[in-house]
Amino acid sequence: MSSSLLLAILFSLLLFTLQTGSSAGSPSEKGTLVVVNQVEHKVLLVEPDLHRTFASMAVGVNGHEASVSPDARFIYVPIYGNSGVGKPGTDGDTIDVIDISKRLVSGSISVGPVRPHRAEFGTDGLLYVTAELGNAVKIVDPAAQKVTGEIPTGEPQSHMLVISPDGRRAYTANVGPGNISVLDIPARRLVTVIPVAKPIQRISMSPDGSRLFTHDQGAPRLAVIDLPDRKSTGSAATESYKVSRWIDLPAVAYASAPTPDGKYLLVASMAKHLLLAIDLASLKIANTFDLPESPSEILVTPDGATAFVSCVSAGKIAVLDLRAWQLQEPIVLTPGVDGLAWVPVNTGK
């Protein structure tokens, strides 16, 4: 064999190794999808483009949701317990902390037996976590790994949470009571409670912080709440917190999420296995897609290119190309997939 041929073969082998071996156990260059499986008590790191799981970490019983730290180093998983909202069962009392680079649970933060559920980072770097049995949102200092305060919601079953872009307001969806608590984050106080419908599920906010959306569980309709100017004060400002209008839907909605450009609201129906795209200019349904069984949570990537929808019973993550408005092949996992989060590019290598 000639030396030139041998060198060509060696170069080809090296190139093949670099192309195949470098991705083994590593996240995508576009980012990593975090999937919480509440049945298997695991958090998965998934490379979306390859439809593969490259890491799996066991967490407590049961984690439902996940939040990634602003520096993309840690994942925070509230451990809810083995029950459903308002149902008997164990009362979770911790938040598991996953070190992304080490791919292991590196700590646990005690919050008390309050069934912590949804965690969101504020602009102040603190972690805000709904405490269903505490009728409150717990405030966690991630650096100190402890609870440093709380904000009362005034209602039980505060399940999901959104925070305004300026970090001054938080809003909780209170499932059984069918209302939304408005929280003043700097003052750590309850501003008011917005009646909606009994019961409701989940909550989302427009990217500019001007609207809230939540979902009537007794009728196929979506509540739209136009938020008041926070410069207003007194009773007039409080009274302006109310449902502005309803959007009729073909089925009861369970979850929603806006696109980053604020043009569309994606709405999932668990009952009919549908994903709807609502044009937020006209408040009309622009697109409808069939999904696998039991769609639960929607995550839109920061670049607005893709939407992922966890489908609990089917054990799949639906993938919607938002530029072509076409469903792609789903990511096949196992039943129990629920909470979703996103780790930015190149994290965890």
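User: Which residue in β13 does S158 stand opposite?

Analyst: S158 stands opposite N174 in β13, where strands are DSSP runs (E, at least two residues) numbered from the N terminus. This is a predicted model, in which local features need pLDDT of at least 70, side-chain atom pairs count only at pLDDT 80 or more, and totals for chains, interfaces and linings use all residues. Residues are numbered from 1 along each chain as its sequence is written, and side-chain values use heavy atoms, with hydrogens and water left out.

User: What makes β12 and β13 a pair?

Analyst: Two strands pair if DSSP finds at least two bridges between them; β12 and β13 (residues 169–174) are joined in the antiparallel sense over 5 bridges, and they therefore meet that criterion.

User: Why is N174 called buried?

Analyst: Buried means under 20% relative accessible area, exposed over 50%, and partly exposed in between, with a 1.4 Å probe and protein chains only. N174 has a relative accessible area of 0%, so the residue is buried.

User: How do you know that the side chains of N174 and S158 make a polar contact?

Analyst: A polar contact is a pair of N or O atoms within 3.5 Å; within protein, one must be able to donate a hydrogen and the other to accept it, and residues adjacent in sequence count only if both atoms are side-chain atoms. The side chains of N174 and S158 are joined by such a contact at 2.6 Å, and a further polar contact, of 3.0 Å, links the side chains of N174 and T172.

How values were computed: Helix = DSSP H or I, 4+ residues; strand = E, 2+ residues; numbered from the N terminus.
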